[in-house]
Amino acid sequence: MSAPQAQVQRSDFDQLMVPNYSPAAFIPVRGQGSRVWDQSGRELVDFAGGIAVNSLGHCHPALVGALTEQANKIWHVSNVFTNEPALRLAQKLIGATFAERVFFANSGAEANEAALKLARRYAHDVYGPEKFEIISMVNSFHGRTLFTVNVGGQAKYSDGFGPKVQGITHIPFNDLDALKAAISDKTCAVILEPVQGESGVLPADKAYLEGVRKLCDDNGALLIFDEVQSGFGRTGHLYAYQHYGVTPDILSSAKSLGGGFPIGAMLTTAKIAEHLVVGTHGTTYGGNPLACAVSGAAFDVINTPEVLEGVRAKHERFKARLEKIGQEYGIFTQVRGLGLLIGAVLSDAWKGKAKDVFNAAEKEGVMVLQAGPDVVRFAPSLVIADADIDEGLDRLERAVAKLTRG
Ligand SMILES: *Cc1c(COP(=O)(O)O)cnc(C)c1O
């Protein structure tokens with residue numbers, strides 16, 4: 001029997017935790033599918049999905065089964081040894097994508113860190129030490145390590161932490177002329193999110209990505225797609241690059257990849273992977289058997305025509321209703337995104353007030369997300385029931401009605 005647990009509440013956060021977050025007033029304690037219950041027993045519809053993470057909702061039986069089965073076998077061995085769940089997951093990812101080699105990490109930032117280090121090492125080995133420049137996008141988000149905040153295009157995350165990582169240029173997203181002007185034979189990599197997530201759910205144009213691919217090839221630069229948010233079924237394709245038909249050289253994956261269990265992965269080709277030889281990079285927990293077992297089980301459910309087509313159909317269901325709410329209450333001007341990564345853009349009158357919508361929604365019993373101050377973001381379970389979508393959007397409409405009518 002376990003020891004009795006201490007009583008804790010939201011106000012304890014401020015006494016116990018580093019104040020880098022400002023969590024909501026309630027504490028979720030239990031979830032099932034796309035419903036969550038808080039400490040007081042109040043039930044909410046979950047359109048947040050742990051920020052695009054809980055790809056199969058809460059406590060999906062396939063994931064609970066995989067986790068408990070693995071929990072009774074072996075938890076951790078380190079990379080001094082390999083393990084069966086990691087090899088099986090690598091096999092699945094390689095079988096379903098352009099990739100020929102996989103590196104496992106524990107988060108999106110770590111997957112990107114590996115991708116960026118690999119790109120620099122590859123260029124160093126193949127072309128020489130002058131080819132180290134990285135081009136990334138204004139408003140992009142790639143994680144919170146020092147390297148990834150510097151590569152990311154948001155000064156609020158990178159300023160005030162001492163000297164910057166050198167050799168990084170930021171250019172506007174979806175602007176091929178800007179890339180044409182910036183790229184050179186010193187560029188080792190171009191990194192972008194096929195759908196910019198954190199900064200407002202902004203999908204790239206297909207012609208743009210095709211042009212980026214060509215400019216990278218012409219300049220001997222690797223193309224890195226950060227699919228931490230857009231990947232693993234989120235857009236209605238296993239990866240968004242498959243939707244666009246533009247293949248990167250390196251791809252990072254995390255968030256949905258673990259369905260709620262921490263894992264990240266970097267996918268690449270054999271020829272590029274060759275340059276991370278023994279000892280050049282590593283991680284203690286990366287490739288952990290529990291994480292890989294859960295992710296492998298999530299893969300088996302998600303990488304099916306039924307689930308991926310379902311994601312595209314549920315997009316339409318969300319979009320139609322959100323557009324209707326947007327028009328009726330004058331709150332949204334545009335609903336954009338791919339699959340179940342959706343952004344509702346606030347109208348001029350509501351600009352900067354995504355947090356107010358978040359708060360009003362929570363009061364009516366629906367969890368949503370922000371993507372910056374001007375966009376309300378939805379990233380629910382990829383298998384959310386239509387009835388849950390409808391109920392959650394009913395609640396959201398009630399919240400918007402109260403908000404807009406004062
Ligand atoms: C969330 C996110 C990351 C960072 O992932 P962590 O697991 O928080 O390190 C990186 N890139 C994109 C596009 C993301 O959405």
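Begin by selecting Gln229 together with the ligand: an N or O atom in the side chain of Gln229 is 2.7 Å from an oxygen atom of the ligand, a polar contact (a pair of N or O atoms within 3.5 Å). The model is predicted; local features require pLDDT of at least 70 and side-chain atom pairs pLDDT 80 or more, while totals for chains, interfaces and linings use all residues. Residues are numbered from 1 along each chain as its sequence is written, and side-chain values use heavy atoms, with hydrogens and water left out.

At Phe141, a backbone N or O atom lies 3.3 Å from a nitrogen atom of the ligand. Of the 380 Å² of accessible area (Shrake-Rupley method, 1.4 Å probe) that the ligand has on its own, the protein covers 82%.

Finally, colour the two domains from the domain assignment: domain 1 (10-59 + 308-405) and domain 2 (74-302). Their centres, taken over C-alpha atoms, are separated by 27 Å. At the interface, 24 residues of domain 1 are in contact (heavy atoms within 4.5 Å) with 26 residues of domain 2. Select Leu308, Leu338 and Leu341 in domain 1, which lose the most area to domain 2, together 30% of what that side buries.

Technical notes: Polar contact = N/O pair within 3.5 Å; in protein donor to acceptor, adjacent residues only side chain to side chain. Domains from an automatic or database assignment. Buried area = accessible area lost by both parts, 1.4 Å probe.
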